[in-house]
Amino acid sequence: MRLTYQVARQSAKSGFDPFGAILVKDNRVVATSIDKCIQYSDPTSHAELVLISEYCRENQLISLEGYTMYCNVEPCVMCSGAIHWSRISRLVYGVSQADLQKVSKGKLKPRCKDLINIGHKKIEILEGVLVEEGLRILKEYPFKSKKERHLAYHLKKKG
């Protein structure tokens, strides 16, 4: 979990949102990802979604059964759907959506467990791991308009 928090902090230091995800198989980290929405100019490029998509494509996999995903923050609705459809066996996260919204001043989002475990297959979810460490990272981050940060990032890249 601490590695996930390091990845999230790296994302924030790079000028991106402070979110990170790690994929583990047989107690070995096989992939990591940061949030890439600004970098890719793609609002769907959350760390979890990028991790699943790129790892499956690179390894020609359609199912991540037997894998564990670690996220610093509870996955959003979109990422919860990706976790469900990729058939990840276990999800571990730190900060809840409710706690994230208190820090970011955003609107409350649905809980991931209500979305991930729709259907017959049940994914194990471990929530609230090292929450105080995760909150420290989020509180250090100035949640500003993604649109403004996107423009600044791409102007800086060109210039």
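I began with Ile83, which touches Ile52, Met69, Pro75, Ile88, Leu91, Ile116 and Ile123 when residues up to four places away in sequence are not counted; contact here means heavy atoms within 4.5 Å. The model is a predicted one, in which local features need pLDDT of at least 70 and side-chain atom pairs count only at pLDDT 80 or more, while totals for chains, interfaces and linings use all residues. I also kept in mind that residues are numbered from 1 along each chain as its sequence is written, and that side-chain values use heavy atoms, with hydrogens and water left out.

**Entry on the cores**

I next looked up the largest nonpolar core, which has 20 residues, and Ile83 is listed with Leu23, Ile52, Leu64, Met69, Ile88 and Leu91 as touching the most other members. A nonpolar core is a set of buried Ala, Val, Leu, Ile, Met, Phe, Trp, Tyr and Cys residues joined through side-chain atoms within 4.5 Å, and buried means under 20% relative accessible area, with exposed over 50% and partly exposed in between (1.4 Å probe, protein chains only). Two or more residues of this core come from each of β1, α3, β3, α4 (77-86), β4 (90-95) and α6 (112-116), where helices (H or I, at least four residues) and strands (E, at least two) are DSSP runs numbered from the N terminus. The most is given by α3, with 5 residues. Another core lies apart from this one and has 11 residues, including Met1, Phe16, Ile34 and Ile38.

**Entry on the strands**

I then followed β4, where 5 of the 6 residues are buried, so this strand is largely enclosed by the rest of the structure. Strands β3 and β4 run parallel and are joined by 5 bridges; two strands pair if DSSP finds at least two bridges between them. Met69 stands opposite Leu91 in β4. From β3 the chain passes through α4 to β4, a β-α-β crossover that is right-handed, meaning that, with the strands pointing away from the viewer, the path from the first strand over the helix to the second runs clockwise. With strand β5 (residues 124-126), β4 also pairs in the parallel sense, over 3 bridges, and Arg90 stands opposite Glu124 in β5.

**Entry on the aromatic rings**

I used the rule that rings of Phe, Tyr and Trp (its six-membered ring) pair if their centres lie within 6.5 Å, with planes under 30 degrees apart counted as stacked, over 60 as edge-to-face and the rest as tilted. By this rule there are 2 aromatic pairs. The ring centres of Phe16 and Tyr153 are 5.3 Å apart and their planes stand at 65°, so this pair is edge-to-face. Phe16 sits in the loop between α1 (2-13) and β1 (20-25), Tyr153 in helix α8 (residues 146-158), and the two are 137 residues apart. Phe16 is buried at 6% relative accessibility, whereas Tyr153, with a relative accessible area of 24%, is partly exposed.

For Tyr55 and Tyr67 I noted ring centres 5.6 Å apart and planes at 70°, so this pair is edge-to-face. Tyr55 belongs to helix α3 (residues 47-59) and Tyr67 to strand β3 (residues 67-73), 12 residues apart. Tyr55 counts as buried at 10% relative accessibility, and Tyr67 is buried with a relative accessible area of 8%.
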